[in-house]
Amino acid sequence: MHELGIAQNILEIVQQSVPKEQIAAVRSIRIRVGPLSGVVPDSLEFCFQAIVNETEMQKASLAFEQLPAILNCKKCSYRFQIKDLEFLCRSCGGSDLELVSGRELEVVEIELAEEGDQIL
Amino acid sequence: MSVITIERKVLEKNDQIASRNRRLFSDRGIYVLNLVSSPGAGKTSLLEKTFQELQGSMGIAVIEGDVQTDLDAQRVARYGVPVIQIVTLGGCHLEAGLVQDALGNLDLKGVNLLFIENVGNLVCPASYDLGEAAKVVILSTTEGDDKPLKYPAMFLNSSVLIVNKIDLMPYLKCDLNVLKSNALRVNPALKIFETSCFTGAGIPEWCDWLRRKDASGQ
């Protein structure tokens, strides 16, 4: 359960990226996450809510962009999505594979409410 | 609504410090292994057996990570090995910054092999680079042969798998072949050792591998 620490990291990145006077306008933080990042989105959202609760960022929530785990076979260059954790090339059966995506854990963008936006 | 695009890795701070640690290790010619496992799989016992087998032939130091107590550091210190204990006070994994701080309190003179014994946990330590050359995952037979499939990130991110407590095989339902094939399904490049820290089985092979790593200066 390291999602609390991760949530803290996300909060720090948001605080570094958004001007102080706009921090209360943060509504949504888009997080890109891969299945092999070791992070459970639901737990991360729970922890994030726990740390922003009753702060000026309490209207903010996380939005997840979940990526598939994709492998590239170094032998035959076949590119495919992992199913059932089978780390073998589905074209040639080779095991010399590289992970193209799946480990991501990134803050992509932050959405802010602006004056004039409907009740948010 | 307005949008600020940032595209930053959530763990970038950790990764930057890990890179600094890695540079320091490389400058000093220290080969660093990050030992990961669930609690009680035998990380500290493996270290004790390793010290006995190597008998001072390699310059070893240890960074111990635990939620509480310095019991593991005490065990390591009995072998005359320089050790520093990190107590995470509830933290479920080590981070690169904790290792960086610990390095400031550890005499690295003459050290060419550093073990970082992570907090016992098969989930969280997989996400944190500490600056190590490789992760070594220790899985004991009592945990069952399905664990590589249940905790894939740890096995995927490790270079070596040590299957420990093989002396208990006669009493368990765990199938060693199934365990190994499950591990290789997740990571076909895993180097596997089978050990018992009770009988000493497999320890010479593991230590030979360590000596070769040292000789190759990797």
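At 42% relative accessibility, B:Val3 counts as partly exposed, a class that lies between buried (under 20% relative accessible area) and exposed (over 50%), as computed with a 1.4 Å probe on protein chains only. The model is a predicted one, in which local features need pLDDT of at least 70 and side-chain atom pairs count only at pLDDT 80 or more, whereas totals for chains, interfaces and linings use all residues. Residues are numbered from 1 along each chain as its sequence is written, chains are lettered from A and ligands numbered from 1 in the order in which they are written, and side-chain values use heavy atoms, with hydrogens and water left out.

B:Val3 belongs to strand β1 (residues 2-9) of chain B, where strands are DSSP runs of E with at least two residues and helices are runs of H or I with at least four, numbered from the N terminus. Leaving aside neighbours within four places in sequence, B:Val3 is in contact (heavy atoms within 4.5 Å) with A:Glu109, A:Ile110 and A:Glu111. Along its own chain, B:Val3 is 110 residues from B:Leu113, and the C-alpha atoms of the two are separated by 48 Å.

In chain A, the loop between β1 and α2 holds A:Leu36, which is buried because its relative accessible area is 6%. Beyond four places in sequence, the contacts of A:Leu36 include A:Ala69, A:Ile82, A:Phe87 and A:Leu99, and also B:Ala153 and B:Leu156 of chain B. A:Ser101, in strand β5 (residues 97-101) of chain A, is likewise buried, with a relative accessible area of 13%. The side chain of A:Ser101 reaches the backbone oxygen of A:Pro68 at 2.8 Å, and A:Ser101 touches A:Pro68, A:Ala69 and A:Ile70 when residues up to four places away in sequence are not counted.

In soluble globular proteins, nonpolar side chains tend to be buried together. A nonpolar core is here a set of buried Ala, Val, Leu, Ile, Met, Phe, Trp, Tyr and Cys residues joined through side-chain atoms within 4.5 Å. The largest such core has 29 residues, and those that touch the most other members are A:Ile6, A:Ile10, A:Val14, A:Val26, A:Ile29, A:Phe48 and A:Met57. At least two residues of this core come from each of α1 (3-17), β1 (26-33), α2 (41-52) and β6 (105-112) of chain A, and α1(A) gives the most, with six residues.

In chain B, the axes of helix α2 (residues 43-54) and helix α8 (residues 203-215), which are lines fitted to C-alpha atoms over the stretch in contact, with angles from 0 to 180 degrees between N-to-C directions, come within 10 Å and cross at roughly 75°. The two helices are therefore roughly perpendicular to each other, a term for angles of 65 to 115 degrees. Among the residues that make the contact are B:Leu46 and B:Leu54 of α2(B) and B:Trp206 and B:Leu210 of α8(B).

Two loop residues remain. A:Glu54, in the loop between α2 and β2 (61-66) of chain A, is exposed, with a relative accessible area of 71%, and its phi is near 60°, a positive value in a residue other than glycine. B:Gln55, in the loop between α2 and β3 (60-66) of chain B, is exposed at 69% and has a positive phi of about 40° although it is not a glycine.

Key:
A polar contact is a pair of N or O atoms within 3.5 Å; within protein, one must be able to donate a hydrogen and the other to accept it, and residues adjacent in sequence count only if both atoms are side-chain atoms. Angles under 35 degrees count as roughly parallel, over 145 as roughly antiparallel, 65 to 115 as roughly perpendicular and the rest as oblique.
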